Amino acid sequence: MSSGIRFFTGCLMHMNEIGTIVPSSKYVGRKMAKNLESRMETIVELGGGTGVITKELLNKMNSNQRLLCFEINKEFCKTLIENWDGRLEVINDDAINMPSYLNGERPGLIVSTLPLAIMTNQKHNLLRMIKENLSERGKFVQLQYFRFDGKIYCDYFSHVLRRRVLFNLPPAFVYTCYN
Ligand SMILES: C[S@@+](CC[C@H](N)C(=O)[O-])C[C@H]1O[C@@H](n2cnc3c(N)ncnc32)[C@H](O)[C@@H]1O
């Protein structure tokens, strides 16, 4: 089964966790991965899905960097594990548990496609956890579909940049938030 069909099937069963019916485009992945810098040792992805963003992050990473990818859906984890190399660790757990996998380390980059817009209190717990665990000069990068959903990042981060990605269904915004 192709990863696109796996994604769509997963969506039908878990729409409340996934928040969309098609995976992100590679253009979104590239825009998010542009935030990667060689000084960042550990990179975290929250909501790996079937790996579109994961792939772009791995393409840009050097051999000394590692990627921890959190994905709550077991079937999506199988697709993630099938496809990628030793720099990638796929973790089938809720993103909120990220700190317990880091052994005190603070990642330089946290990239997320979690459907924050459809979450209520959970979204605030996640943003607090991300803010507390990001390294001092770290960046948090989040995908959003609507501009008004992005205002929340200014409550948590010192500086926020918004970039539009037209080549995605639907067109999206990538927010880069600085700690
Ligand atoms: C909008 S989809 C994006 C998937 C993929 N990164 C992409 O861009 O195509 C969001 C993903 O987050 C996962 N997810 C939702 N809530 C989660 C949570 N609390 N912890 C970990 N993964 C979660 C869903 O299962 C889904 O795969």
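**Strands, helices and ligand shell of a predicted model**

Colleague: In which sense do β4 and strand β5 (residues 139-144) pair, and over how many bridges?
Modeller: The model is a predicted one. For β4 and β5 taken together, the sense of pairing is parallel, and the number of bridges is four.

Colleague: What is the bridge partner of Glu45 in β2?
Modeller: β1 and β2 pair in the parallel sense over five bridges. Within β2, the residue that bridges to Glu45 is Cys69.

Colleague: Why is β1 described as largely enclosed by the rest of the structure?
Modeller: A residue is buried if 20 or more other C-beta atoms lie within 10 Å of its own. β2 is mostly covered, with four of its five residues buried. β1 is largely enclosed because, of its five residues, the number buried is four.

Colleague: Which residues of β4 point the other way from Leu109 and Val111?
Modeller: Leu109 and Val111 point one way from the strand, and these two residues are buried. The residues on the opposite side are buried as well, namely Ile110 and Ser112.

Colleague: How many helices and how many strands does the protein chain contain?
Modeller: From the N terminus, the order of the elements is α-α-α-β-α-β-α-β-β-α-β-β-β. The totals for the chain are six helices and seven strands.

Colleague: Why is the chain considered as compact as a globular protein of its length?
Modeller: The globule rule gives 16 Å for 179 residues. The chain is as compact as a globular protein of that length because its radius of gyration is close to this value, at 15 Å.

Colleague: What percentage of contacts between residues at least 6 apart in sequence join residues at least 24 apart?
Modeller: As background, buried residues make up 39% of the 179 residues in the chain. Of the contacts in question, the share joining residues at least 24 apart is 67%.

Colleague: Which elements give two or more residues to the shell around the ligand?
Modeller: There are 22 residues around the ligand, and Pro23, Ser24, Gly47, Gly49 and Ala95 come nearest. The elements that give two or more residues to this shell are α2 (15-18) and α4 (52-60).

Colleague: Which residues of α4 are buried?
Modeller: This helix is covered by several elements, among them α3 (26-33), β1 (42-46), β2 (66-70) and β4 (109-112). The buried residues of α4 are Val52, Ile53, Thr54, Glu56, Leu57 and Leu58.

Colleague: Which residues touch the most other members of the largest nonpolar core?
Modeller: The core has 39 residues. One of its members, Leu57, touches Ala33, Leu36, Ile43, Glu45, Leu67 and Val111, not counting residues up to four places away in sequence. The residues that touch the most other core members are Leu57, Leu67, Cys69 and Ile110.

Colleague: Which residues of α3 are buried?
Modeller: The elements covering the buried residues of α3 include α4, β4, β5, β6 and β7 (172-178). In α3 itself, the buried residues are Val28, Gly29, Lys31, Met32 and Ala33.

Colleague: What distance separates the C-alpha atoms of His159 and Arg147?
Modeller: Along the chain, these two residues are twelve residues apart.

Colleague: What value is phi of Asn103 near?
Modeller: Asn103 lies in the loop between β3 and β4. With 6 other C-beta atoms within 10 Å, Asn103 is exposed. Its phi is positive in a residue other than glycine, with a value near 50°.

Colleague: Is the peptide bond from Leu169 to Pro170 cis or trans?
Modeller: Pro170 is found in the loop between β6 and β7. The omega angle of the bond from Leu169 to Pro170 is near -10°, and the bond is cis.

Definitions and conventions:
Residues are numbered from 1 along each chain as its sequence is written. This is a predicted model: local features need pLDDT of at least 70, side-chain atom pairs count only at pLDDT 80 or more; totals for chains, interfaces and linings use all residues. The radius of gyration is taken over C-alpha atoms; the globule rule is 2.2 Å times the number of residues to the power 0.38. A residue is buried if 20 or more other C-beta atoms lie within 10 Å of its own, exposed if 12 or fewer, and partly exposed in between; C-beta atoms are placed from the backbone. Two residues are in contact if their C-beta atoms, placed from the backbone, lie within 7 Å. A residue is near a molecule or strand if its C-beta atom, placed from the backbone, lies within 6 Å of it. A nonpolar core is a set of buried Ala, Val, Leu, Ile, Met, Phe, Trp, Tyr and Cys residues joined through C-beta atoms within 7 Å. Two strands pair if DSSP finds at least two bridges between them.
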